[in-house]
Amino acid sequence: MQKEYRQKSFQVPPGALSLLLVRHGESEAAVPGRSFPLVDGHGDPALHPKGRQQAEAIADRLEQERLDALYVTTLRRTHQTAAPLAKRIGMQPKVERDLREIFLGDWDGGLYRIKLAEGDPIFHKVFGEQEWGHVPGAETTEDLHTRVKSSILKLAKSHPGQHVAAFVHGGVIGAAMSIATDAAPFAFLGAENGSITHLVVKEDAMIVRGFNDCTHLAGL
(Lines give C-alpha, C1' and ligand atoms only; values in the text may rest on other atoms or scores of the structure.)
Protein backbone atom coordinates (compact mmCIF):
# COMPACT_ATOMS: atom_id res chain seq x y z
CA MET A 1 0.00 0.00 0.00
CA GLN A 2 1.36 3.39 -0.97
CA LYS A 3 2.25 5.64 1.96
CA GLU A 4 0.09 8.75 2.34
CA TYR A 5 1.01 12.15 3.74
CA ARG A 6 -2.12 13.92 4.92
CA GLN A 7 -2.50 17.56 5.83
CA LYS A 8 -2.20 18.27 9.53
CA SER A 9 -4.13 20.73 11.63
CA PHE A 10 -2.32 23.48 13.51
CA GLN A 11 -0.97 22.54 16.91
CA VAL A 12 0.08 25.07 19.52
CA PRO A 13 3.83 24.58 20.02
CA PRO A 14 4.78 23.01 23.36
CA GLY A 15 5.27 25.67 26.00
CA ALA A 16 3.55 28.41 23.98
CA LEU A 17 0.81 30.69 25.27
CA SER A 18 -2.53 30.61 23.48
CA LEU A 19 -3.81 34.15 24.03
CA LEU A 20 -7.27 35.49 23.28
CA LEU A 21 -7.37 39.28 23.08
CA VAL A 22 -10.98 40.26 23.69
CA ARG A 23 -11.98 43.83 22.95
CA HIS A 24 -14.27 45.29 25.61
CA GLY A 25 -17.92 45.91 24.79
CA GLU A 26 -19.19 49.24 23.53
CA SER A 27 -18.68 51.96 26.13
CA GLU A 28 -20.96 54.87 26.95
CA ALA A 29 -21.14 57.79 24.56
CA ALA A 30 -19.05 60.93 24.89
CA VAL A 31 -21.02 64.12 25.52
CA PRO A 32 -19.61 67.59 24.73
CA GLY A 33 -18.67 69.48 27.86
CA ARG A 34 -18.67 66.40 30.09
CA SER A 35 -15.50 64.35 30.57
CA PHE A 36 -15.41 60.67 31.40
CA PRO A 37 -13.93 59.91 34.83
CA LEU A 38 -10.16 59.51 34.60
CA VAL A 39 -7.89 56.72 35.85
CA ASP A 40 -4.21 57.69 35.65
CA GLY A 41 -5.20 60.21 32.99
CA HIS A 42 -7.14 57.68 30.89
CA GLY A 43 -10.82 58.14 30.16
CA ASP A 44 -12.78 55.51 32.08
CA PRO A 45 -16.32 55.23 30.70
CA ALA A 46 -18.63 52.44 31.79
CA LEU A 47 -20.19 50.06 29.31
CA HIS A 48 -23.13 51.16 27.19
CA PRO A 49 -26.17 48.84 27.52
CA LYS A 50 -25.21 47.32 24.17
CA GLY A 51 -21.74 46.69 25.61
CA ARG A 52 -23.31 44.70 28.45
CA GLN A 53 -25.13 42.57 25.90
CA GLN A 54 -21.85 42.02 24.09
CA ALA A 55 -20.24 40.95 27.37
CA GLU A 56 -22.90 38.26 27.85
CA ALA A 57 -22.38 37.07 24.26
CA ILE A 58 -18.63 36.81 24.92
CA ALA A 59 -19.36 34.71 27.99
CA ASP A 60 -21.61 32.44 25.92
CA ARG A 61 -18.77 31.98 23.46
CA LEU A 62 -15.89 31.41 25.87
CA GLU A 63 -17.30 29.61 28.90
CA GLN A 64 -16.37 26.20 27.45
CA GLU A 65 -12.81 27.24 26.48
CA ARG A 66 -11.08 25.79 29.58
CA LEU A 67 -9.19 28.98 30.22
CA ASP A 68 -6.29 29.01 32.66
CA ALA A 69 -6.42 32.72 33.48
CA LEU A 70 -8.33 35.92 32.78
CA TYR A 71 -6.78 39.37 32.55
CA VAL A 72 -8.26 42.87 32.47
CA THR A 73 -6.72 46.33 32.37
CA THR A 74 -6.93 49.22 34.81
CA LEU A 75 -10.05 50.54 33.04
CA ARG A 76 -13.50 49.47 34.14
CA ARG A 77 -14.91 48.72 30.69
CA THR A 78 -12.63 45.69 30.56
CA HIS A 79 -13.66 44.59 34.07
CA GLN A 80 -17.34 44.93 33.17
CA THR A 81 -16.87 43.01 29.92
CA ALA A 82 -15.02 40.18 31.64
CA ALA A 83 -17.45 39.96 34.57
CA PRO A 84 -20.10 37.63 33.05
CA LEU A 85 -17.48 35.11 31.93
CA ALA A 86 -15.57 35.34 35.20
CA LYS A 87 -18.77 34.64 37.14
CA ARG A 88 -19.71 31.65 35.04
CA ILE A 89 -16.30 29.94 35.24
CA GLY A 90 -15.52 31.01 38.81
CA MET A 91 -12.28 32.79 37.99
CA GLN A 92 -11.00 36.12 39.32
CA PRO A 93 -9.44 38.30 36.61
CA LYS A 94 -5.96 39.69 37.17
CA VAL A 95 -4.98 43.24 36.20
CA GLU A 96 -2.32 43.75 33.53
CA ARG A 97 -1.69 47.49 33.55
CA ASP A 98 0.41 47.68 30.40
CA LEU A 99 -2.44 46.39 28.23
CA ARG A 100 -4.43 49.58 28.92
CA GLU A 101 -5.61 51.70 26.02
CA ILE A 102 -3.54 54.29 24.15
CA PHE A 103 -2.98 57.36 26.32
CA LEU A 104 -4.42 60.29 24.37
CA GLY A 105 -3.19 63.06 26.62
CA ASP A 106 -5.19 66.28 26.51
CA TRP A 107 -7.89 64.59 24.44
CA ASP A 108 -8.52 61.65 26.75
CA GLY A 109 -11.73 61.64 28.76
CA GLY A 110 -13.86 61.42 25.61
CA LEU A 111 -12.73 64.54 23.77
CA TYR A 112 -10.84 62.45 21.21
CA ARG A 113 -14.14 60.94 20.02
CA ILE A 114 -15.58 64.37 19.40
CA LYS A 115 -12.40 65.58 17.66
CA LEU A 116 -12.39 62.48 15.46
CA ALA A 117 -16.08 62.83 14.54
CA GLU A 118 -15.54 66.49 13.68
CA GLY A 119 -12.57 65.69 11.42
CA ASP A 120 -10.00 67.64 13.42
CA PRO A 121 -6.87 68.23 11.28
CA ILE A 122 -4.66 66.70 13.94
CA PHE A 123 -6.41 63.37 13.47
CA HIS A 124 -5.76 63.60 9.73
CA LYS A 125 -2.07 63.86 10.63
CA VAL A 126 -2.33 61.04 13.19
CA PHE A 127 -3.76 58.61 10.65
CA GLY A 128 -1.73 59.92 7.73
CA GLU A 129 1.55 59.36 9.58
CA GLN A 130 0.32 56.52 11.87
CA GLU A 131 1.58 58.42 14.90
CA TRP A 132 -0.53 58.80 18.05
CA GLY A 133 1.97 61.26 19.45
CA HIS A 134 0.53 64.06 17.30
CA VAL A 135 -2.39 64.28 19.75
CA PRO A 136 -1.41 66.88 22.39
CA GLY A 137 0.17 65.09 25.35
CA ALA A 138 -0.42 61.59 23.95
CA GLU A 139 2.01 58.68 24.02
CA THR A 140 3.80 57.85 20.82
CA THR A 141 3.06 54.87 18.62
CA GLU A 142 6.50 53.49 19.46
CA ASP A 143 5.84 53.75 23.20
CA LEU A 144 2.48 52.01 22.80
CA HIS A 145 4.03 49.15 20.82
CA THR A 146 6.88 48.79 23.29
CA ARG A 147 4.62 48.36 26.31
CA VAL A 148 2.14 46.10 24.50
CA LYS A 149 4.88 43.78 23.26
CA SER A 150 6.54 43.70 26.68
CA SER A 151 3.24 42.87 28.35
CA ILE A 152 2.33 40.07 25.96
CA LEU A 153 5.78 38.49 26.26
CA LYS A 154 5.47 38.72 30.03
CA LEU A 155 2.17 36.83 29.88
CA ALA A 156 3.82 34.19 27.70
CA LYS A 157 6.52 33.67 30.33
CA SER A 158 3.91 33.47 33.10
CA HIS A 159 1.63 31.02 31.28
CA PRO A 160 3.68 28.55 29.21
CA GLY A 161 1.46 25.94 27.61
CA GLN A 162 -1.71 27.63 28.82
CA HIS A 163 -4.84 29.19 27.32
CA VAL A 164 -5.55 32.74 28.54
CA ALA A 165 -8.07 35.48 27.74
CA ALA A 166 -7.16 39.14 28.17
CA PHE A 167 -9.91 41.76 27.97
CA VAL A 168 -8.28 44.76 26.37
CA HIS A 169 -8.77 47.71 23.98
CA GLY A 170 -8.93 48.36 20.26
CA GLY A 171 -5.65 50.25 20.13
CA VAL A 172 -3.90 47.45 22.01
CA ILE A 173 -5.24 44.81 19.62
CA GLY A 174 -4.12 46.91 16.66
CA ALA A 175 -0.64 47.25 18.16
CA ALA A 176 -0.39 43.53 18.96
CA MET A 177 -1.37 42.54 15.43
CA SER A 178 1.09 45.01 13.91
CA ILE A 179 3.85 43.58 16.09
CA ALA A 180 2.91 39.97 15.31
CA THR A 181 2.73 40.49 11.54
CA ASP A 182 5.30 43.26 11.06
CA ALA A 183 2.51 45.26 9.38
CA ALA A 184 2.14 49.05 9.37
CA PRO A 185 1.30 50.40 12.85
CA PHE A 186 -2.33 51.20 12.04
CA ALA A 187 -2.99 48.28 9.67
CA PHE A 188 -5.16 46.43 12.18
CA LEU A 189 -7.00 49.29 13.86
CA GLY A 190 -10.76 48.81 13.97
CA ALA A 191 -11.34 45.54 15.81
CA GLU A 192 -15.03 45.52 16.74
CA ASN A 193 -16.27 45.88 20.29
CA GLY A 194 -16.63 42.38 21.76
CA SER A 195 -14.44 40.78 19.07
CA ILE A 196 -11.86 38.07 19.73
CA THR A 197 -8.32 38.01 18.33
CA HIS A 198 -6.13 34.94 18.82
CA LEU A 199 -2.35 34.92 19.14
CA VAL A 200 0.02 32.08 19.93
CA VAL A 201 3.15 33.35 21.68
CA LYS A 202 6.40 31.55 22.47
CA GLU A 203 9.49 33.41 23.61
CA ASP A 204 9.55 36.49 21.36
CA ALA A 205 7.60 34.96 18.45
CA MET A 206 3.90 35.60 17.82
CA ILE A 207 1.66 33.59 15.49
CA VAL A 208 -1.70 35.02 14.43
CA ARG A 209 -4.53 32.48 14.55
CA GLY A 210 -7.47 34.85 14.20
CA PHE A 211 -8.43 38.53 14.10
CA ASN A 212 -11.69 40.33 14.87
CA ASP A 213 -13.85 37.21 15.28
CA CYS A 214 -17.41 38.50 15.77
CA THR A 215 -19.49 35.38 15.07
CA HIS A 216 -20.84 35.38 18.63
CA LEU A 217 -22.14 38.95 18.23
CA ALA A 218 -24.63 38.21 15.45
CA GLY A 219 -27.87 40.07 16.00
CA LEU A 220 -26.52 42.59 18.51
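The entries below go from the sheet to the helices and then to the salt bridges.

I am working with a predicted model, and in it I find six strands forming an open, mixed sheet in the order β5-β4-β6-β1-β7-β8. I then looked up β1 (residues 17-23) and β6 (residues 163-168), which pair in the parallel sense over six bridges, with Leu-19 standing opposite Val-164 in β6.

Entry two, the helices. I noted that helix α6 (residues 170-181) lies across β1, β6, β7 (196-202) and β8, and that α6 runs at about 135 degrees to β8. In helix α1 (residues 49-62) I checked Pro-49, which is exposed at a relative accessible area of 57%; the C-alpha atoms of Pro-49 and Glu-26 are 8.1 Å apart.

My search of the whole structure gave 11 salt bridges. In one of them Arg-88 meets Asp-60 at 2.6 Å, N to O; Arg-88 lies in helix α2 (residues 76-89) and Asp-60 in helix α1, so this pair ties together parts that are 28 residues apart in sequence. Both residues also belong to a salt-bridge network with Glu-56 and Glu-63.

I also looked up Asp-213 and Arg-61, whose side chains meet at 2.5 Å, N to O; since Asp-213 is in strand β8 and Arg-61 in helix α1, the pair ties together parts 152 residues apart in sequence.

Lastly, Lys-115 forms a salt bridge with Asp-120 at 3.7 Å, where Lys-115 is partly exposed at 23%, whereas Asp-120 counts as buried at 16%.

Definitions and conventions:
Residues numbered from 1 in each chain as written. Predicted model: local features only at pLDDT ≥ 70, side-chain atom pairs only at ≥ 80, totals over all residues. Heavy atoms only, no water. Pairing = 2+ DSSP bridges. Helix = DSSP H or I, 4+ residues; strand = E, 2+ residues; numbered from the N terminus. Contact = heavy atoms within 4.5 Å. Axes fitted to C-alpha atoms, helices over the stretch in contact; angles between N-to-C directions. Buried < 20%, exposed > 50% of the residue type's maximum accessible area, 1.4 Å probe, protein only. Salt bridge = Lys/Arg side-chain N within 4 Å of Asp/Glu carboxyl O.
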